[in-house]
Amino acid sequence: MSYRIRVEGVTKRYELTTSRPLPRAARPLLRLLGVRHQAARGVDHKMALDGVSFSVTEGERVGIIGENGAGKSTLLHLLAGVAAPTGGSVEVDGRVHAALTLGLALREDLTGRENLYLDAEVQGRTRAETDAVIDRMTAFADLGDFIVQPVRTYSSGMKARLAFTSLVFVEPEILLIDEMLSVGDYWFSQKATHAVRELCSKGRIVMLVSHNLESMVSMCSRCLWLDGGRLVADGDPAEVTAAYRERVRQRDEAETAAKFSALGQDWALDGAVRIKRVTVGSSRRPGPASVLSVGEEAWISVELSADRSRGDHDLRLWIERLDGLRVTENRWSESCGALSSLAGRVEVVAEMAPMILGPGLYRVQAELLNAETTVATAGAMFKVVAERNLVGGQPALWAPIEVSCRPRIAAAER
Amino acid sequence: MPGSSGAGRLLTTAVPGAARGEETMARSVVECRDLSKTFVLLDGQSIWPVILGGDSVKGFPAVRDVTLQVRQGEFLGVLGRNGAGKSTLLRTLGGVYAPTSGTVRVAGPLSAIYELGMAGNELLTGHDFASRWLALHGTGRRQVDRLLSEIAEFAELGEYFDNPIYTYSAGMKARLFFSVATSLPGQIYLIDEVLSVGDEHFQTKCWRRLRERLAAGASGILATHDWTAVLKLCREACVLERGRIVDRGSSPAVVQRYLGLPQPRGDAAAFAAHLPSVYCALAEEDTTLSIPIDVKVASPVWFACSVESFRQGIGWSHLLQVEPRPIASTPGLYEVEVTIPTLPLSPGEYSLNLFLSERGAEQTLVPLDVRSWTYGNDLAFAVAGKPRESVSILPLRWRDGRTQS
Amino acid sequence: MQILGFDRADALRLLNFLKMGLRDRFLGSTLGLVWAIVNPLLMMGIFTFVFAFVFRSRLPGAETSLSFVIWLISGYGPWLAISDSLATSTGAVTGNSGLVKNLAFKTELLPIAGSLMGLVPLAVSTCYLVALLVLSGTRPSLSWLAILPVLVLQFVFITGIGLCLAAVNVFVRDTAMVLPNVLMILLFSSPIFYPLSEFPKVLQGVLQFHPFQVIAEGYRQPLLHRAWPAPWSLAYLAVLSAMAFLGGLVFFRKLKGYFDARI
């Protein structure tokens, strides 16, 4: 198999710039102008790429995904020959055309059409050659009347279209695209996918970086996942993007869950009446639990302690899901009158039979009220799990809904 | 020429005679009527005859006769392809461009996040760009200092925050800009395409921030080609094509037409013609919904339904659901009864979605007839009762632990 | 409260633009701040050297070259400020296209801020001049403050011209490029390097109404002769400045609606 691109053990190291210390004498004046004093920093190193190796053959459509700062753009820059690796080797065999910055090659004062001509000229095509394809290019770009307007009036999506049109018709052997395609709309993505497939069927190589994972799956035959400068996955786009998504989702969830649990406050107005703790459990096992199953009989226990009772109290309970959905707000007084004669340790229980909350992470918060003022509050976190996922969606509530079907009489209809 | 959108002023360029419906204007936060913006095309033509008022000038009508209204607490979606005029419309509403004709009315300070809005001196560090932007938007020095650390954290630029912007990648620039532009807790937002920048993780953050602002009562306009964003954020939407509004209505309906999704025809089985468009129920009461269907074929027909509600910034969430199950397999008229014990929904309006389908190849379900927000023909489900803050009510039974019951 | 269509928010914005401009110009590069001071000093130093030591020019009836140099700098300093203001304001709109396209504000504030940037070279040259005056034995006097009205009028006048040029430059980009040459011609055709009395009699009558002559005299009278500038010259300058400013403002406002065709 003849490889057109071969990358072996490539590393790329950047030195981060330091800030300049400002002249001492000028500081008062500069402070007036709103300039902040920065201490001088030392030189810092950043490993943008760390031991990356892969090869690409003819006809491959390769997508590169990864988080911000993972090294994707750096890799493209190395492949384009714009920068050199600090270590390892990059071998590229073929004519490379790189679109690394949106619109960099576009002259703002010229019209779209004129830019197409100009770009073709820069690529070494004669005017006659361009004339022959200009109509097809215009049709491909699909910019309507804007094609004869100066490029400075274009939105970024339109610039991307124009630049991409130019790229496609240049027909390079190796095409590198950096994050340009995500600004195009749905129809453009489809066109771009089709164009890329055609290019690659002719034996060309396209490598593109994008955050738009759907387009990655439809456009590419192979996907590389870069993380912190390292190549962590290389394979089928659907699989790699799914794994990437899952990882991002898990990390975000963990972050949100951490923030979520930090929100719960335990507080009391004075020590006289307090909520000692709030616990959750089910009839499956005795004692408190932190995980409940959908549909079982569950309870929420609120333990109060009062050194002396002061009038009638009320208890308010609410449960909130991780994403902020408040799933219930219940009051003792709605069904049981006033909570009176609190003395010593008192336990109040709210039973759910069945527990209809769907899977998720929840927080339950109990508030003790005295004449509509909160005198104490406490909460707890719990998780709900289900044995299987429902078909058709994930509802917030798994209520025991029954469906029956019986014949009806037509005469009853209006 | 309208004045700049300064702090708290209502700005109007009144076209004489356009005074009808003044009272409805009061509750809207952004409103425009017959708004047009034509760019003068000067290429190849001299400016001087134009200024001296002589020649009629060739113009490019970027926005034509647009009438919109955004109500307090809502976001309006403006869908359109590249080049439809969305950016121009937003900038005209925001006061960057002066309208050629028509009126614009904005009830308060705007936070405008325009596409390509990060123009500026690239020698500035991210930090300086942020403080400059904030200063230009009227923020006092102390507040600037306080906001800067939040901006740095949100944009996740690390040490790059103190480096010149020309060292940033395109993604970093976009993150910086979004972070800065949404740092001021404003009330009225004009957002242009910027919600699709950055990786999934950053997008999640952006949406979270947007939801925070929404919870604080933000309103505004989202102009984008990304219909999924419109479905998440906006209850109502319109479509802009070549500067004109060509469609408007509820976002699911508009998106469905925009994408040209085919609707199932209901040949094999369908909901009866007299299917109500509204169902009513009482909160916390046992509820039965009767759904009449007509089955025309002798093969198993499957039924599913869901009750959903629209949460701004999140989109449509399922609250209750009935998984697809077979309900009939011989032709005839039927009544499907869906019984929900102790209806756990809070009083309010929900979307009831009904699905009739049949088994297709490889365990898939092929839709036969659908009433759903994705097709814009969902049913309304009105639940009455004492209003509550939570979206649902769990049927909890209280027990006093002191009495051993 | 609105003055000439500007309100308090605009005034604050103008201040912001001025701060921005000063920061970008003088603090953008390592030597920026140094250059702000060194450049005018260098120019004035060169002229000092050339006219005092090479040509050994003297004012008619004067003893030393130092008095000539003082006379020269008192006219050249304001000139530096004027040409700086004009150059900056001419490019103020075209150079800030990013702001114009993304921020809702009154575009005329940009050339106004650009013009006010001329205060920096003015400050530098005034310090240099004061140093020379002290060196020549002149004691500082309160009459020096009489340059303030002239200073204000100078800026009003130049801002008006700057507004015109800024607007024209959007459509005819060569304006910014041609300007330095035009200013050079103006410099040598004004009574800055050579006193009015050296000009042919025919031109003197006309040239005494030359705005730059009036401005230069407005600085020279208080600083060199401890006298107030002639009242007629102040009145004349006031009228001229008002006309230039209002004219420039109206012209700019008329054209700014067409800017988006070219920015």
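Two residues are taken to be in contact if their C-beta atoms, placed from the backbone, lie within 7 Å. The model is predicted: local features need pLDDT of at least 70, side-chain atom pairs count only at pLDDT 80 or more, and totals for chains, interfaces and linings use all residues. Residues are numbered from 1 along each chain as its sequence is written, while chains are lettered from A and ligands numbered from 1 in the order in which they are written.

**View 1. The side of chain A that touches chain B.** In this predicted model, 72 residues of chain A are in contact with 68 residues of chain B. Elements giving two or more residues to this side of chain A include helix H5 (156-170), helix H8 (237-263), strand E16 (344-352) and strand E19 (402-407); helices (H or I, at least four residues) and strands (E, at least two) are DSSP runs, numbered from the N terminus. The largest share, 7 residues, comes from E16(A). By residue class, the side of chain A that touches chain B divides into 33 nonpolar, 23 polar and 16 charged residues. Here Ala, Val, Leu, Ile, Met, Phe, Trp, Tyr, Cys and Pro count as nonpolar, Asp, Glu, Lys and Arg as charged, and the others, Gly among them, as polar.

**View 2. Strand E16 of chain A beside strand E20 of chain B.** E16(A) and E20(B), residues 397-400, run antiparallel and are joined by 4 bridges; two strands pair if DSSP finds at least two bridges between them. A:Glu351 stands opposite B:Arg397 in E20(B).

View 3. E19(A) is joined by 6 bridges to E16(B), residues 332-340, and A:Cys405 stands opposite B:Val336 in E16(B). Strands of a sheet pair through backbone hydrogen bonds, either parallel or antiparallel.

View 4. H3(B), residues 86-94, is mostly covered, with 9 of its 9 residues buried. A residue is buried if 20 or more other C-beta atoms, placed from the backbone, lie within 10 Å of its own. Among the buried residues of H3(B) are B:Lys86, B:Leu89, B:Arg91 and B:Gly94. The helix is followed by B:Gly95, whose phi is positive, near 90°.

Notes. Buried ≥ 20, exposed ≤ 12 C-beta atoms within 10 Å, placed from the backbone.
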